[in-house]
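Hi everyone, thanks for making the time today. I'd like to walk you through one model, starting at the ligand and then moving along the chain.

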Amino acid sequence: MKLRNKMIAINLLIILSILLAVFTIILKTVDNFNIYTIHQYLLNQSNLSQTYLSEYFLLKNNPIEVLSNEIASLEEKLKAQAGCEVSLTGLNVRDPSPLQKSALEGRKAYLITKVGENRSIFLSFPILAQGEIIGSVNYSYSLYQADEMRKGLFIVLVSLFIVASLGSALLSFLFSYRMIKPLEKLTGMANDYSQGNFRVIEDIKTGDEVEKLANSFNEMGRNIKKMITELKEEQEKQKKFLDNVTHEIRTPLTNILGYTDLTQKVDHVAQKDKYLDYISGEGERLLNMVNSLLELSRLKRYELAVELTDTELNNILEQACSLMRDRAEKFGIKVSYDLANVNAIVDGDKIKQVLINLLDNAIKYSEGDKITVRLWKETLVHISVKDNGKGISQSYINSLTEPFYRVDKSRSRKLGGSGLGLSICREIIELHGGEMNINSIEGKGTIVTISLQP
Ligand SMILES: Nc1ncnc2c1ncn2[C@@H]1O[C@H](COP(=O)(O)OP(=O)(O)O)[C@@H](O)[C@H]1O
Ligand SMILES: [Mg+2]
């Protein structure tokens, strides 16, 4: 059974049973009241009749005989008085009814029973003459009017019942429609969800639990949509990453195979040596790349969790600068630094690795003649590596930390780069809970700034 039909059925059941009970009570009460009134009237009349009869027989010598002689005229008299059918009986009546028996035993008794179409009320009481019971008076009053009233009332109540049934059926239908419609919408929505359509419903404004449920659904839909988009983006990134890895590994491998082939073909020793040099260079580049990839992968999986200790950062940075100074000089670049005495809770080796990477980049790619390293502390600890070289176009800046991204591929490759350096730097800094920002002005130079928690 549908929920809506259930609601209508339950509503009708409740309303109609209440109506039925109320109407039955009304009908009964009105009828009882009518009968009570008539009964009271007959009781009053019986008192009057009894008084009249005892006064009538008070001075008579033989009341029993007088009664049997004047029974017809007395009946007429009492009938006129009481306004109902009256019959009198003597003591020796044949087959007395239970009512008559009660009366002859000195009690008043009444009975309501159906005679023909209508009910009648019968009342019997004793005739007292000089303290003795000499017979009974029997009233018979037709309840025709009460019956008519009961019939009329019954018809009115049945009509009311029918109208109320129809009215409440209609109201129940409208009410259940209002209640069920939002639920049906939610069901449709849930079906759509199960088929991957995460739509949002805005028009359920019932102000109750259903609206709350709809809001939860909407929230869920939005979150799932967001998650799916993020997953797709991540998948796209991974695919790109894999494409890059394959491509980057293929180039040195092709070179190695090419030069191996050539080496076998030439006889000239000097030429052979040159090719072997190329082969070893490419092999080294391949190994470096694989090592970098491995490191990046470990960093991303948080496997190589950084070991944080209180470190004198100025020492670490000074070591990195000294290490790179000779290499810089070969490129005609002067490295200078301005390092405040700053301690921070970091992994010293990893920070050194980052700095070496940044210096290496500035030396290889900037084409400037000056690199400045700075270390200072505000709320956070800041490290910057600045060069005065050719800079990087703004359109490339955001992609620099993506794996394998290089502005000038051939130059990077020639200098042994693979485009993984800045990705590794960013991972390391993020594992420290810090930030790395790259700013550059073309023709003026590049500055990479790192901010770390002290
Ligand atoms: N200081 C710099 N000046 C100019 N270009 C730079 C600088 N630092 C990095 N780049 C560019 O960013 C690219 C990515 O650097 P990186 O991730 O370290 O890879 P790799 O050094 O292996 O090429 C470099 O190939 C280079 O084109
Ligand atoms: Mg690099």
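Predicted model: local features only at pLDDT ≥ 70, side-chain atom pairs only at ≥ 80, totals over all residues.

**Around the ligand**

Residues are numbered from 1 along each chain as its sequence is written, chains are lettered from A and ligands numbered from 1 in the order in which they are written, and side-chain values use heavy atoms, with hydrogens and water left out.

Back to the ligand. An oxygen atom of ligand 1 is 2.6 Å from an N or O atom in the side chain of Tyr365. On the backbone side, a polar atom of Leu422 lies 2.8 Å from an oxygen atom of ligand 1. How much of the ligand's accessible area does the protein cover? On its own, ligand 1 has 540 Å² (Shrake-Rupley method, 1.4 Å probe), and the protein covers 94% of that.

**Ser451**

Next, Ser451, which is in strand 11, residues 445-452 (strands are DSSP runs of E, at least two residues, and helices are runs of H or I, at least four, both numbered from the N terminus). Is Ser451 buried or exposed? With a relative accessible area of 14%, Ser451 is buried (buried means under 20%, with a 1.4 Å probe and protein chains only). Its side chain makes a polar contact with the side chain of His382, at 3.2 Å (a pair of N or O atoms within 3.5 Å, where within protein one must be able to donate a hydrogen and the other to accept it, and residues adjacent in sequence count only if both atoms are side-chain atoms). Leaving aside neighbours within four places in sequence, Ser451 is in contact with residues including Leu380, Val381 and Gly434 (contact means heavy atoms within 4.5 Å).

His39 belongs to helix 1, residues 3-56. This histidine, His39, is buried at 14% relative accessible area, and it touches Tyr110 and Ile121, not counting residues up to four places away in sequence.

Over in helix 7, residues 269-300, we find Leu286, which is buried at 15%. Which residues does Leu286 contact, beyond its neighbours within four places in sequence? They are Ile249, Pro252 and Leu253. Finally, the C-alpha atoms of Leu286 and Thr37 are separated by 118 Å, with the two residues 249 apart along the chain.

Key. Buried < 20%, exposed > 50% of the residue type's maximum accessible area, 1.4 Å probe, protein only.
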